[in-house]
Amino acid sequence: MKANSLALRLFVTAAAWVLVVLPIAGWIIYTNHRIQVEETFNDQIDRFLPTVIDIAEEKGARGPVPPSDQVKSFRRASAHSAWDLVWQFKPLDGKPLDGKPAEIMRARPLGDKTLPLPREHGVEPQEDETYWADLPDADGQLMRVRETIHQFGMGADAQRYSVAVAGRLDDLKATVAAFRSQLIYSLALAGVGLLAATLFQVRFGLFPLTRMERALADIRSGKATRLEGDLPSEIKPLQHEINALLKSNQEIVERARTHVGNLAHALKTPLAVLINEARRDPSPLAQKVAEQADTMTSQVNLYLDRARMAARIGVIGRVTEVGPVAESLVRALDRIYRDKELAYSLDCPDAVRFLGERQDLEEMLGNLLDNASKWARSRVHVVAAAKSADQGNGAGPGWLEIRVEDDGPGLTPEQLAEPITRGRRLDETKPGSGLGHSIVSDLAYSYNGRFELARADGGGLSARLTLPLAI
Amino acid sequence: MRVLIVEDDRDLNRQLVSALTDAGYAVDSAFDGEEGHFLGETEPYDVVILDTGLPKMDGIRVLEQWRRADRKMPVIILTARDRWSDKVAGMDAGADDYVSKPFHMQELLARVRAQMRRASGHARSDIECGPLRLDTKTARVTLNGQPIKLTSHEYRLLAYLLHHNERVVSRTELVEHLYEQDFDRDSNTIEVFIGRLRKKIPSDMIKTIRGLGYRLSQAGDEG
């Protein structure tokens, strides 16, 4: 996900919500649960005390019966509880029971420890004459103890006992802690699940945008001319708008080209008339007119070329196959230079395609082939090949190299070293406007390409064009 | 040698007619596509110069219709539209050459001569027959290296015979190829000019083939 993206925005907001809400919800659930568990804990201690007394009274008429008889009943009573509650009877009056001195009776888990008693620690009784307190026992374990004074037996046998029940606070804490860790674990799992679901939702929800991005890249690279595909209703209007924009862009360019062509026709015929008329007349005025008309012609050509190039800038993704263009040009030139009986050879694989306008490729290749045909003695060779990106000047998917070679006289090293400028003619003896190479050069540069002249293997001229390749 | 010019610009048309007439051709001209098409279809021209942007009927369509009707005369397209796509379209429609406006008249004349030679099967710019030699570039005829003075009609007749030397050329063919459309076509005039030519070159070079026409051949050849 990129730093500034819809996907990141959606994901971050969803994630923030999850990260804030889940801990708060967890804390509320945990607090409520803790309070409730503690209430239950207290409630069970509370109810255990009368139960213990009831059972003791039921078994023994005069006093608490010996523990051996009662343990099972107590254990049954305490088994209702989630915690192991303990009990203790402590005689207070020192009277013997069944002829033996009365002893402290207690639940077996206590062993020989006695429960710490709130009454003995100076705790005030509650309204129902019971005492509540959290006290440490002999081992230092904190116990929640409830104690009351109860008289067992009648008459002379009657004896008061301190009856106490208790639960370990550590047990309560352990219960709460177990719940807490379970809660944290579940909420963390839920959080991770939610984040994963959000990520999926963002990816899935925004997938059409990714698709559109790819489709636009295809248009730029020339693989498509329209934004195709069944896109969701929210971005369908955008798709329509983009397609309409592409269409109107193309129409504007077409119109500009038509106007440029019309202007060319409109200006060139009068210029032809002026030049021909003036050349027939030896007077200084006529010579001046002829000279100026020639200048006008080259100016018209210069600005028409510029207009054509300007009309093309911003046109997105046109792809032109090199092979058919080269074939049609060779067919035309073979007719024009029929008398020379030149052997044309073409080596243009089908897959080699130019990322640009057909007209521009025709213009570049046409001028090069025309030049080669003009100078060649017997043969003209055209080779087109794709080159990998690193061999070109870096940008784009790759480069296309077109070489046009002839077996004519070629150029001298000095001529080859000269820059290709507009209007420079390398040889004045062959007819032509002299603009050929500079148009090729201008067009190639307008595509960030290159145009170079070199010596061919056989001694003729080798013109090499490097242009963007379409894949 | 007859040339048809189809060009809608009056001035340019006039310049072309005068330059080509000066060069020794019989020239017809048309100012729109329909008229040009009609002339090209009905008259035998040796070369046609055809503008592409014509009123009534586009030049490329005119050319296509001629080719469809099996009219094979050489056609040079003359146009301001000088993009290669236009050139390819013109050549594919059946043109033989292409000249962009504005052009130099000398260049156009050179192209016309090239088409004439090509049509008659001569590869070089001068045509020889025995002691006779025609330089198509300068429109001059020499006999054993000595220039001969010819009137324009004599030149046309001799140039046509030289282009088609060693072949029997009928009177009708000569009339059709040597004179403009509105010329008074009396085939007797051909005989008059043949008679004059026989006085300027070895007389046995032009033979009369009874009932068929004339043949220019090297002197002493009895074939």
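**Notes on the two-chain model**

1. Let me begin with helix H6 of chain A, where A:Val322, A:Val325, A:Ala326, A:Ser328, A:Leu329, A:Val330, A:Ala332 and A:Leu333 are buried. This is a predicted model, so please read every value here as computed from it. H6(A) has 15 residues, and from its first C-alpha to its last it reaches 21 Å, close to the 21 Å expected at 1.5 Å a residue.

2. A word on chain A as a whole. Its secondary structure comes to 9 helices and 14 strands. Of the 471 residues in chain A, 27% are buried. Among the contacts in chain A with a separation of 6 or more, 64% are between residues 24 or more positions apart.

3. Now to the place where the chains meet.

4. From H7(A), the contact is made by A:Gln359, A:Glu362, A:Glu363 and A:Gly366, and from H4(B) by B:Trp84, B:Ser85, B:Lys87 and B:Val88. The residues of this helix contact divide into 2 nonpolar, 3 polar and 3 charged.

5. In chain B, please turn to helix H3 (residues 59-68), where B:Gly59, B:Ile60, B:Val62, B:Leu63 and B:Trp66 are buried. These residues are on the same side of H3(B), because they cover an arc of only 160 degrees around the axis. They pack against strand S1 (2-6), helix H2 (33-42), strand S3 (47-51), strand S4 (75-79) and H4 of chain B. After H3(B) comes B:Asp70, whose phi is positive, near 65 degrees.

6. Helix H2 of chain B can be read in a similar way. Which of its residues are buried? They are B:Gly33, B:Gly36, B:His37 and B:Gly40. Their arc around the axis is only 100 degrees, so they are on the same side of H2(B). On the other side of H2(B), B:Phe38 and B:Thr42 are exposed. The cover over the buried residues of H2(B) includes S1, strand S2 (26-30), S3 and H3 of chain B.

7. I would also point you to B:Arg156, which is found in helix H6 of chain B (residues 152-163). Is this arginine buried or exposed? B:Arg156 is buried, because 22 other C-beta atoms lie within 10 Å. Leaving aside residues up to four places away in sequence, B:Arg156 touches B:Met1, B:Gly24, B:Ala26 and B:Leu178. B:Arg156 and B:Leu174 are 18 residues apart in sequence, and their C-alpha atoms are 9.6 Å apart in space.

8. Finally, some backbone details to check. Most residues other than glycine have a negative phi, and most peptide bonds are trans.
   - The peptide bond from B:Lys101 to B:Pro102 is cis, with omega near -10 degrees. B:Pro102 is in the loop between strand S5 (97-100) and helix H5 (105-120) of chain B.
   - A:Asn448 is not a glycine, yet its phi is positive, about 60 degrees. A:Asn448 lies in the loop between helix H9 (436-446) and strand S13 (450-455) of chain A. A:Asn448 counts as partly exposed, because 15 other C-beta atoms are within 10 Å.
   - B:Asn144 also has a positive phi, of about 50 degrees, although it is not a glycine. B:Asn144 is found in the loop between strand S8 (140-143) and strand S9 (146-147) of chain B. B:Asn144 has 9 C-beta neighbours inside 10 Å, so it counts as exposed.

Note on methods. Residues numbered from 1 in each chain as written. Chains lettered and ligands numbered in written order. Predicted model: local features only at pLDDT ≥ 70, side-chain atom pairs only at ≥ 80, totals over all residues. Contact = placed C-beta atoms within 7 Å. Helix = DSSP H or I, 4+ residues; strand = E, 2+ residues; numbered from the N terminus. Nonpolar A, V, L, I, M, F, W, Y, C, P; charged D, E, K, R; others polar. Expected span 1.5 Å × (residues − 1). Buried ≥ 20, exposed ≤ 12 C-beta atoms within 10 Å, placed from the backbone. Arc of directions from axis to C-beta.
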